[in-house]
Amino acid sequence: MSVISVNKTAPANTVVVLDFETTGLSPNQGDRAIEIGAVKLENGVVVDRFQGLMNPGFRVSSFIENYTGISNRMLVDAASCNVVMGEFADFIQGCNLVAHNASFDKRFLDGELELIQRSYDGDFACSLLVSRRLTQEASSHKLGDLVAYHQIENEGIFHRALADAEVTASLWLVQLEALERDHGIINPSFDLMMKIGKTPKGSVVNFLKKHVQ
DNA sequence: TGCCAGGCCCTCTTTAGGGCCTT
């Protein structure tokens with residue numbers, strides 16, 4: 001296991017940007033997490049990271065090996081999902097959460113934590129939903145395409161949990177900056193970002209005008 | 001045997017269908 005960090009108590013304004021690599025698309029169909037990566041942001045600054053491979057208890061498909069670069073050999077000696085997710089549950093306590101297409105990561109987070117009878121107390125926001133509203137001119141809202149669109153610095157690694165969490169965190173900060181620069185909303189709150197993600201695309205401009213300070 | 005994710009969003013919609021996005 002290569003868990004980088006398990007941090008202390010987080011301030012209330014701390015956000016954890018996370019990404020799962022998994023054996024497939026649906027925990028309801030028996031899929032499990034095989035890697036979790038996360039970046040902890042405090043006032044827009046990375047203050048901590050978490051990364052861990054985890055053994056799902058069965059062999060992953062060749063598609064997943066090729067897609068993620070995570071091989072069955074790499075997972076043989078990894079800690080179990082229960083151990084890694086227990087430490088990750090400690091890592092996210094007191095934090096709000098962000099992911100790209102959060103409904104996917106939330107399903108796996110909820111599923112894995114339920115198996116070890118753990119929970120979390122933050123809300124979950126989605127950088128994909130925010131992107132569809134703030135960057136409507138973008139032809140694609142895939143994470144890799146948005147990294148290119150916004151010219152976000154990256155190391156050319158995709159479909160690994162920590163690398164994807166890092167660029168998602170950068171995307172999140174780009175979106176916060178865009179609200180300040182383009183819409184005059186100073187220091188946008190996490191709650192506002194969640195509301196933007198739920199606002200109908202056609203009315204998001206009027207919604208933002210109401211929040212100009 | 002046949003099926004096989006699920007939420008969001010758009011449109012030729014709402015008693016539906018299909019594309020996008022995540023692995």
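## Val 16 and the largest nonpolar core

In this predicted model, Val 16, leaving aside its neighbours within four places in sequence, is in contact with Ala 38, Val 39, Lys 40, Phe 88, Phe 91, Ile 92, Cys 95, Asn 96, Leu 97 and Val 98. Val 16 also belongs to the largest nonpolar core, which holds 29 residues, and together with Leu 18, Phe 20, Phe 88 and Leu 109 it is among those that touch the most other members.

At least two residues of this core come from each of β1, β2, α3 (81-92), β4 (96-99), α4 and β5 (124-126), and α3 gives the largest share, seven residues. A second, separate core has 23 residues, including Val 39, Ala 165, Phe 190 and Met 194. In soluble globular proteins, nonpolar side chains tend to be buried together.

## The largest pocket

The largest pocket has a volume of about 630 Å³, and among the 24 residues that line it, Asp 19, Tyr 67, Phe 104, His 159 and Asp 164 are the closest to its centre. Two or more lining residues are given by each of β1 (14-22), α1 (62-68), α4 (102-115), α6 (143-149) and α7 (161-183), and the lining as a whole divides into nine nonpolar, nine polar and six charged residues.

## The second largest pocket

For the second largest pocket the volume is about 400 Å³, and of its 18 lining residues the closest to the centre are Asn 43, Gly 44, Leu 176, Asn 187 and Pro 188. The elements β2 (33-42), α7 and α8 (190-198) each give two or more residues to this lining, with the largest share, five residues, coming from α7. By residue type, the lining of the second largest pocket consists of nine nonpolar, six polar and three charged residues.

Terms used. Residues numbered from 1 in each chain as written. Chains lettered and ligands numbered in written order. Predicted model: local features only at pLDDT ≥ 70, side-chain atom pairs only at ≥ 80, totals over all residues. Heavy atoms only, no water. 1 Å grid on protein atoms, 1.4 Å probe; cavity = no way out; pocket = protein on both sides within 12 Å on 5 of 7 lines; lining within 4 Å. Points joined across faces, edges and corners; volume = space filled by probe spheres on them. Helix = DSSP H or I, 4+ residues; strand = E, 2+ residues; numbered from the N terminus. Nonpolar A, V, L, I, M, F, W, Y, C, P; charged D, E, K, R; others polar. Core = buried A, V, L, I, M, F, W, Y, C linked by side-chain atoms within 4.5 Å. Buried < 20%, exposed > 50% of the residue type's maximum accessible area, 1.4 Å probe, protein only. Contact = heavy atoms within 4.5 Å.
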